[in-house]
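Student: I would like to go through some of the labels used for this structure and ask where they come from.
Tutor: Then look at the structure and ask.

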Amino acid sequence: MRLDKFVCKSTALNRANAIQLIQNGAVTVNEQVETHEFAQVHENNTIRLQGHTLTPRPFRYILMHKLAGTICSNIDEVYPSLFSATNLEHTEELHIAGRLDADTTGLVLITDDGHWSFNITTPTQHCEKVYRVGLSRPIRGDEAERFKQGIMLQGESKPTLPAKLDVLSPQDVLLTITEGKFHQVKRMFSAVGNRVVTLHRDRIGEVLLDVDAGEWRYLSDEEIASFR
Ligand code: URA
């Protein structure tokens, strides 16, 4: 982890104040003054700020039920951030393991542990994401096979990885994918001549959405371990 991030994660300081203190020589790493904020440090190192040993806050692992009209960003932009109506602290340290569009609802996993979220987002880990999709037109019948074979989306160099389609009714389906290309679900249905009207994520890996819209909870130890 970068030294400035370590200092922020161990104190109430913001990034600018942490950098200033580091550059002024107030921080030692294993008893040596370190003035480069981008120096890489490890939790096993002894890091002191003005003589006080720093201990980073433990990693957080959060499940949230995202509302439509919020964005998967740490700050408000055109729409409010999904953090804006929560009482979560230090949200600047958190990132989202697989973003949803502003109009998409459902399950979002949030953490400050980059190694853990990598297992969720990288396609080589084959972590399943299940979406409930409302469509503008009835399913034709060949979509499941085409999604299983992989669809070449516009602007991509490789087809999508095999995906599973379960038809609940002609305009209401479940799609399971293991990657997260930009607008992937919408683009997949567009490629087969349909249009996504509603989109909701129900499951990531073994974790199911079980809180009300707008609510969040910490993941259990078992849920955290299921992505390792
Ligand atoms: N695919 C999309 O098109 N949008 C999302 O929000 C998630 C997956």
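Tutor: Start with R57, which has 26% relative accessibility and counts as partly exposed. Keep in mind that this is a predicted model.

Student: Why is R57 called partly exposed?
Tutor: Buried means under 20% relative accessible area and exposed means over 50%. R57 has 26%, so the value falls in between and the label is partly exposed.

Student: What makes R57 and E93 a salt bridge?
Tutor: The side chains meet with N to O at 2.5 Å. The cut-off is 4 Å between a side-chain nitrogen of Lys or Arg and a carboxyl oxygen of Asp or Glu, so the pair qualifies.

Student: How do you know that the pair R57 and E93 links distant parts of the chain?
Tutor: R57 is in the loop between β4 and β5, E93 is in the loop between β5 and β6, and they are 36 residues apart.

Student: Is E93 buried or exposed?
Tutor: E93 has a relative accessible area of 14%. Buried means under 20%, so E93 is buried.

Student: What makes R132 and D172 a salt bridge?
Tutor: Their closest N and O atoms are 2.6 Å apart. The limit is 4 Å, so the pair counts as a salt bridge. R132 lies in strand β8 and D172 in strand β10, so the pair ties together parts that are 40 residues apart in sequence. As for accessibility, R132 is partly exposed at 37%.

Student: What makes E31 exposed, while R48 is partly exposed?
Tutor: E31 has a relative accessible area of 52%, and exposed means over 50%. R48 has 23%, which lies between the two cut-offs of 20% and 50%. The side chains of R48 and E31 meet in a salt bridge, at 2.7 Å from N to O.

Student: Why is Q184 called buried?
Tutor: Its relative accessible area is 4%, and buried means under 20%, so the label follows. Q184 lies in helix α5.

Student: Which residues is Q184 in contact with, leaving aside its neighbours within four places in sequence?
Tutor: Q184 is in contact with T160, I177 and E179.

Notes:
Residues numbered from 1 in each chain as written. Predicted model: local features only at pLDDT ≥ 70, side-chain atom pairs only at ≥ 80, totals over all residues. Heavy atoms only, no water. Buried < 20%, exposed > 50% of the residue type's maximum accessible area, 1.4 Å probe, protein only. Helix = DSSP H or I, 4+ residues; strand = E, 2+ residues; numbered from the N terminus. Contact = heavy atoms within 4.5 Å.
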